[in-house]
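I would ask everyone to look at the model first, and I will then go through a selection of its local features.

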Amino acid sequence: MARWLVSSCVLLLLAVGSLQARLILPQSLDIDGVQLETKGAEVIQYASPSPRVDDNSEGNYRLPNTTAPEAYDVELWTNVHSGVREFNGTVKIDLQVLEETKEIRLHYRQTWNFSAEIVSRDLAEAVTIPLTFTNESTREFLTFSPVDTSVSFGINTNWTLTINYTGFLRSDMGGFYISSYTDDDGTVHYLATTQFESTNARHAFPCYDEPARRATFNITIHHDSSYKAVSNMPVNEAASSTGVTAFQTTPKMSTYLIAFIVSDFESTTGELNGLRQRVFSRKGKQDQQEWALWSGLVVESSLAGYFGVPFALPKLDQAGIPDFSAGAMENWGLATYREQYMWWNKENSTINLKTSISNIIGHEYAHMWFGDLVSVKWWTYLWLKEGFATLFSYESNDIAFPEWDTYQIYHVQDYNSALLNDALTSAVPMTHYVQTPSEISNRYNTFSYAKPASVLYMFKNAWSDKVFRSGLNKYLTKNQYTSCDEWDLFASFQEAANEHSLALPTSVDNIFSSWSHQAGYPLVTVTRNYDTGAITLKQERYLADKDSGNTATWYTPINFATASNPDYRNTSASHYLLNVTETTITDVQVSSDGWLLINKQQAYYIRTLYDEQNYLLLAEVLNTDPWLIHHRNRAQLIYDAYIFVTTGRLSHRFLFNLLTYLKNEEAYAPWSNANTILTVFDRYLRGDDSYYNFQSFVQRLIAPIFDKIGVNEIPGEHYLNNYLRIITVSLGCQVGYVDCYTQSAKKLSEFLFNGTPIEPTLRTQAYCAGLRSASADIYSRVKSDLLSSTDATDRSLFISSLACSGKADQLAEFLSLSLDTGNGLSYSERTSLLESAYSRSEDGLTASLVFLETNWEAYAKLSETAKPLDLALRGIATYVVSEKQKTRLNALVDEVKSKEPNYLNDDLNTVIDSRIQANFDWLDVHRGSTFTWIEDHLSENGSGALTVPFATILISAMALLLSRLF
């Protein structure tokens with residue numbers, strides 16, 4: 001199913017327990033980086049660490065093995081064109097009896113009015129046998145038995161079961177459900193569509209709703225003649241007529257991959273290598289379908305070429321659905337998406353969205369092989385399809401669009417996300433048995449997506465792409481149209497390794513299962529003997545709580561780059577930690593004064609902690625010759641150092657020594673990780689009297705790259721500079737870099753008053769940065785645009801940007817909008833103003849407190865039930881980082897409690913105290929060491945700060961005035 005759209009790890013970071021749980025992680029910069037494919041579960045609700053037994057004994061949720069489906073004939077009648085939700089259905093199931101039985105058990109969900117009969121397919125003149133049924137709602141079993149109780153179904157006999165039933169199109173975006181859109185004329189258009197993964201096919205028709213119960217399908221849909229129907233296969237023209245659409249027979253496939261849509265959608269068509277592809281969406285959006293169509297064409301070609309296995313069906317469609325909770329879905333031959341993940345045009349859409357669309361398509365199209373052509377035996381092995389789909393969302397894009405350098409995006413998104421989430425004590429293994437629909441839904445998380453993608457990518461490098469690719473070809477070819485478990489995959493890898501004479505320290509079964517059968521990943525600690533050249537490697541499970549103690553080990557691949565051999569091209573494993581806690585290596589050539597780096601291109605799924613001397617050597621080469629370290633290694637060096645600092649494994653000075661090299665950095669991945677780090681420190685330190693020193697330090701780091709790429713897109717620049725510019729503008733203005741203020745203000749002014757377009761990718765940053773120190777007329781113009789806009793997306797942009805101001809009078813004017821119930825803003829928009837301000841900056845937090853000190857009663861009365869004042873006070877507490885702020889907030893709470901306690905919940909003080917104390921705990925650990933190092937560094941390198949003084953603000957205002965006049 002859909003994945004994360006993961007654009008910088010910035011997107012998918014979760015708090016990782018204990019010390020790391022105190023980190024305030026930066027907001028996402030775009031839609032990528034979030035796991036799109038939720039399939040109905042909270043991503044962070046992890047199952048029990050203790051795996052359940054994989055069986056289908058009596059009393060569990062699995063169907064018995066007494067019968068098996070061979071073919072379905074599904075016929076549906078719907079009048080969804082007029083908004084009618086009731087539908088009727090008939091399903092005929094050809095089945096074989098595997099064990100003698102007196103009943104046939106299927107799955108059902110929210111359907112009724114059943115009537116059923118069965119007839120033998122073994123007899124030329126078989127008599128129809130009427131059936132009775134019982135249903136069990138908890139396990140969703142629908143059990144049919146002959147009315148004549150003396151009748152039984154013998155082993156190896158073949159039957160056709162016919163069931164008539166009635167259903168109701170759901171409104172929760174699951175099963176067979178109703179959706180709608182409103183056109184530009186205000187007309188509502190209804191449609192019926194499907195989302196069956198993981199256990200919702202049973203809502204559209206009674207069936208064997210388990211992934212290994214593959215069968216062929218004939219689908220026929222009766223609908224209004226003004227509507228069209230599409231499904232997994234092309235239309236069977238001979239069996240279709242006006243208002244009746246029949247489809248060709250599918251190959252043997254899993255029930256959850258069946259899909260059909262009944263709508264008035266319009267499409268765009270293309271063809272590559274003989275495969276027709278179409279993109280469907282609501283009327284009037286064909287001009288925005290082109291990128292999804294083109295991406296689909298080249299991504300499918302890339303995947304088929306890599307696997308050496310052609311796409312198995314005669315056509316491949318994509319459809320954008322107005323209401324679609326799953327994000328995206330890999331229905332075989334008919335991938336479905338949230339419509340906003342399909343539409344793109346150059347004039348109004350961001351580069352990030354362009355990348356995200358191709359990445360999502362890569363994910364869903366990879367499923368056409370992993371999950372569709374070869375399905376999983378049970379949801380225990382969900383990673384066997386989702387891990388591959390996540391990995392190949394990047395690999396397919398890397399093949400189709402090599403200029404993107406998409407693995408930098410992988411590194412800061414899925415890779416970092418996996419490392420963070422897998423460090424939790426609640427993490428579960430990739431292979432983990434589940435049974436109930438709820439348990440299955442909860443498997444759609446990091447441990448089925450990002451982690452297995454990272455593990456697979458590790459072995460793609462450790463064993464070489466040649467062996468990996470050969471193994472996948474064998475797996476797909478041998479197992480097509482069947483269902484597999486992980487051991488089938490391991491056998492194919494082993495065969496490929498043997499065929500290509502790859503020497504492994506033990507079997508693939510042993511190596512890979514050490515990663516799939518246990519939670520976590522290794523922390524590899526490197527200790528060098530600088531006299532003898534020996535390198536001692538120790539492994540243990542990395543946990544956010546360093547004192548938790550863990551003796552887990554893995555078959556861990558290792559390779560090295562050194563000062564004398566900084567070659568990153570060969571990422572195969574030169575050594576292994578053989579499932580032991582420690583080993584010493586003596587055959588790596590590295591001088592005592594030369595740096596050592598483990599894990600070339602950061603391809604392996606590990607964290608690496610070096611001894612102090614090696615950190616100093618790495619910091620030195622980064623500052624003098626950073627290109628000698630691969631850019632993804634540069635990214636991970638600083639991020640691992642940051643993680644080690646937050647968990648008490650490394651001194652702050654080593655982190656900041658590494659960060660100083662950023663003044664020479666021009667690549668996206670290192671800056672993305674640096675942005676995460678510096679944003680966290682900025683969040684906590686900005687209430688400090690010494691904050692200006694932190695600002696000065698960060699400004700020195702960001703000035704060279706900001707001055708190089710500026711605030712405007714540059715024709716012909718590296719694709720990822722579009723991502724990098726978002727970071728440099730956001731971070732540069734956050735820490736008060738003068739050129740960021742002036743250039744951003746000018747860019748916004750020229751747009752507002754001269755009509756000079758702002759590139760869509762930079763629109764959010766241009767507005768926020770341009771309003772940080774805006775003149776009154778610019779600020780008023782944007783506020784006016786907010787109040788006159790009818791577009792929810794634009795209003796959200798204007799609200800978040802107006803909150804960026806650093807001027808008290810403008811912020812007061814902005815916050816007063818929350819009390820004006822007649823200004824056209826919705827309740828949720830008006831109550832979002834405070835959060836936009838207090839979460840943005842020190843000035844915004846102060847302005848929020850000032851506003852509430854005067855207006856708390858009016859704010860509380862905005863709702864009699866939601867208690868908006870209570871919510872605001874809790875939110876402010878999250879950002880309180882000084883005694884002055886704490887005193888002011890507590891005084892406000894005391895005043896409200898003494899006068900109108902009903903405006904607040906009873907636990908407010910407890911929550912506020914807990915949140916503030918967590919912030920103060922962070923400061924107790926990090927503030928002193930941070931400021932001491934920065935002050936020493938600035939003293940050694942000159943202390944001139946580049947913050948925005950009053951004179952600069954005047955100069956900026958003059959520049960804006962001139963830009964308007966001329």
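Let me begin with a term: a residue is called buried when its relative accessible area is under 20%. Please also keep in mind that this is a predicted model.

With that term in hand, consider helix α17. In this helix C740, Y741, S744, A745, K747, L748, S749 and L752 are buried. The helix covers residues 738-754, and at 1.5 Å a residue its 17 residues should span 24 Å. Just after α17 comes G755, whose phi is positive, at about 80°.

In what order do its five strands run? The order is β16-β17-β18-β20-β19, and the pairing is mixed. At the edges are β16 (266-272) and β19 (328-329), each of which pairs on one side only. Within the sheet, β17 (residues 275-281) pairs with β18 (residues 315-321) in the parallel sense, over five bridges. F280 is placed opposite A319 of β18.

Two helices lie across these strands. Helix α2, residues 290-307, lies across β16, β17 and β18, and runs at about 30° to β16. Helix α3 lies across β17, β18, β19 and β20, and runs at about 145° to β20.

There are also two lysines placed over tryptophan rings. The charged end of K285 sits over the ring of W343, 4.6 Å from the ring centre. K354, in turn, lies over the face of W291, at 4.7 Å from the centre of that ring.

Where do the two partners lie in the chain? F370 is in the loop between α3 (351-367) and β21 (374-376), while Y475 is in helix α8 (residues 465-479). The pair thus links distant parts of the chain, 105 residues apart. Both F370 and Y475 are buried.

A second pair is made by F656 and F697. Why is this pair classed as edge-to-face? The ring centres are 5.9 Å apart and the planes stand at 70°, so the pair is edge-to-face, given that the class requires planes over 60 degrees apart. F656 belongs to helix α13 (residues 652-659) and F697 to helix α15 (residues 691-709), so the pair ties together parts that are 41 residues apart in sequence. F656 has a relative accessible area of 1% and is buried; F697, at 1% relative accessibility, also counts as buried.

Finally, some backbone details. A cis peptide bond joins E197 and S198, with omega at about 5°, and S198 is in the loop between β11 (188-195) and α1 (201-204). Which residues other than glycine take a positive phi? One of them is Q110, with phi near 55°, in the loop between β5 (104-107) and β6 (111-120). At 47% relative accessibility, Q110 counts as partly exposed. Another is K867, with a positive phi of about 50°, in the loop between α24 (842-860) and α25 (868-878). K867 is partly exposed as well, at 26% relative accessibility.

Technical notes. Residues numbered from 1 in each chain as written. Predicted model: local features only at pLDDT ≥ 70, side-chain atom pairs only at ≥ 80, totals over all residues. Heavy atoms only, no water. Helix = DSSP H or I, 4+ residues; strand = E, 2+ residues; numbered from the N terminus. Expected span 1.5 Å × (residues − 1). Buried < 20%, exposed > 50% of the residue type's maximum accessible area, 1.4 Å probe, protein only. Phe/Tyr/Trp six-rings, centres within 6.5 Å; stacked < 30°, edge-to-face > 60°. Lys NZ or Arg CZ within 6 Å of the ring centre and 35° of its normal. Pairing = 2+ DSSP bridges. Contact = heavy atoms within 4.5 Å. Axes fitted to C-alpha atoms, helices over the stretch in contact; angles between N-to-C directions.
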